[in-house]
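This report covers the ligand surroundings in the model shown below.

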Amino acid sequence: MAEKVNVCIVGSGNWGSAIAKIVGANAAALPEFEERVTMFVYEEMIDGKKLTEIINETHENVKYLKGHKLPTNVVAVPDLVEAAKNADILIFVVPHQFIPNFCKQLLGKIKPNAIAISLIKGFDKAEGGGIDLISHIITRHLKIPCAVLMGANLANEVAEGNFCETTIGCTDKKYGKVLRDLFQANHFRVVVVEDADAVEVCGALKNIVACGAGFVDGLKLGDNTKAAVIRLGLMEMIRFVDVFYPGSKLSTFFESCGVADLITTCYGGRNRRVSEAFVTSGKTIEDLEKEMLNGQKLQGPPTAEEVNYMLKNKGLEDKFPLFTAIHKICTNQLKPKDLIDCIRNHPEHMQTL
Ligand SMILES: NC(=O)c1ccc[n+]([C@@H]2O[C@H](COP(=O)([O-])OP(=O)(O)OC[C@H]3O[C@@H](n4cnc5c(N)ncnc54)[C@H](O)[C@@H]3O)[C@@H](O)[C@H]2O)c1
Ligand SMILES: O=P(O)(O)OC[C@H](O)CO
């Protein structure tokens, strides 16, 4: 690591902006970091003015995190390579569907000894019928190590300064301290574990379950049914990690990235909210995303699609009936009311005595 560690935040949406408050404050306060933090902002016009100019003048991301001031040392930069070229730590925090393109743009343009940390919840489809973890894509394309940070972290609540926990998954112990220093705050407590793949998989899969929780809310089936969906979702998450990421630890599910994130998402997240409206309004998920989220992006439906792509290819759809049903409901192959029939005879109910 450099004497003064340069940090770049790649992304400035709802979570990117909330985390910029913490990272910016830590970079300004701690001697190991360079004070100036660059933040790549996907440029757009807001009432005739560039978003980067608004952020640099008012220190507020008026589109994605209205009402919160960013530290003045966080500088919005509209050019991705310009923002990232001097960074020793690259924090990736964009909706997952954009990451392959970002990696292509950054290839050969960053410091060779930089490290990355991904806050992105989602997967990408891989050749051969499987899926890729976003951190693996970053490492493969940019040839740098990539840790992950996932947890029960609804961005607006983190920005408010309400207490929460998070999990950093980092296979290389030597980066654990600098990453914790960068993210830890009085209200944002970091636990570092080595089980990085399982941490990341938890972060991605819980967004699928959140859609199921939203359907249950939309159908007004009540809290017992929602608890069943959350529990079966957790069991499918554990099974998924068992099957596809063997060697992971069950204890990881008890970190913030596991059960805690599942709970917060199924009660307070965007995926839940839009999925509820999908049932009550009869509109498409794409239309509701545009209507309700003002440019923010849903991760649950595309993640359900990516997971189904792999399960279908491997003939495993029936082993993950909740994930499968949620994907089919999102894509109108099933009606929301069919959800419960799909999970009534879940493999979890078939355990022998
Ligand atoms: N928002 C949360 O509460 C939260 C919390 C934890 C993790 N996450 C995860 O963090 C990641 C980023 O989420 P977010 O909430 O910061 O983003 P967001 O949902 O607010 O997405 C909007 C961002 O996408 C950018 N964007 C739109 N079109 C683009 C394009 N064509 N190319 C590139 N960028 C484009 C916008 O400029 C904006 O920065 C996701 O994987 C999400 O699951 C979000
Ligand atoms: O609003 P959601 O559904 O994208 O969830 C946000 C976070 O992932 C919660 O930790």
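## Contacts of ligand 1

In this predicted model, an N or O atom in the side chain of Gln299 is 3.2 Å from an oxygen atom of ligand 1. A polar contact here is a pair of N or O atoms within 3.5 Å; within protein, one must be able to donate a hydrogen and the other to accept it, and residues adjacent in sequence count only if both atoms are side-chain atoms. On its own, ligand 1 exposes 840 Å², and the protein buries 90% of that (areas from the Shrake-Rupley method with a 1.4 Å probe).

Backbone atoms also take part. Lys297 places a backbone N or O atom 2.8 Å from an oxygen atom of ligand 1, and for Gly16 a polar backbone atom is 3.2 Å from an oxygen atom of the ligand.

## Shell around ligand 1

Ligand 1 is surrounded by 24 residues, each with a heavy atom within 4 Å of it. The closest are Asn14, Trp15, Lys121, Ala155 and Lys297. By class, the shell holds 12 nonpolar, eight polar and four charged residues (Gly counts as polar).

Helix H1, residues 14–29, gives the most to this shell, with three residues; helices are DSSP runs (H or I) of at least four residues. Domain 1 (3–193) and domain 2 (196–347) each supply at least three residues, with bounds from an automatic or database domain assignment.

## Contacts and shell of ligand 2

For ligand 2, a backbone N or O atom of Arg270 lies 2.7 Å from one of its oxygen atoms. A polar side-chain atom of Lys121 lies 2.8 Å from an oxygen atom of ligand 2, and a polar backbone atom of Gly151 is 3.0 Å from an oxygen atom of this ligand. Taken alone, ligand 2 exposes 310 Å², of which the protein buries 91%.

The residues around ligand 2 include Lys206, Asp261, Thr265 and Asn271. They divide into two nonpolar, five polar and four charged. Why does ligand 2 lie between domain 1 and domain 2? Both domains give residues to the shell around ligand 2, so the ligand lies between them.

## Basis of the values

Residues are numbered from 1 along each chain as its sequence is written, while chains are lettered from A and ligands numbered from 1 in the order in which they are written. Local features need pLDDT of at least 70 and side-chain atom pairs count only at pLDDT 80 or more, while totals for chains, interfaces and linings use all residues; side-chain values use heavy atoms, leaving out hydrogens and water.

Terms used
Helix = DSSP H or I, 4+ residues; strand = E, 2+ residues; numbered from the N terminus.
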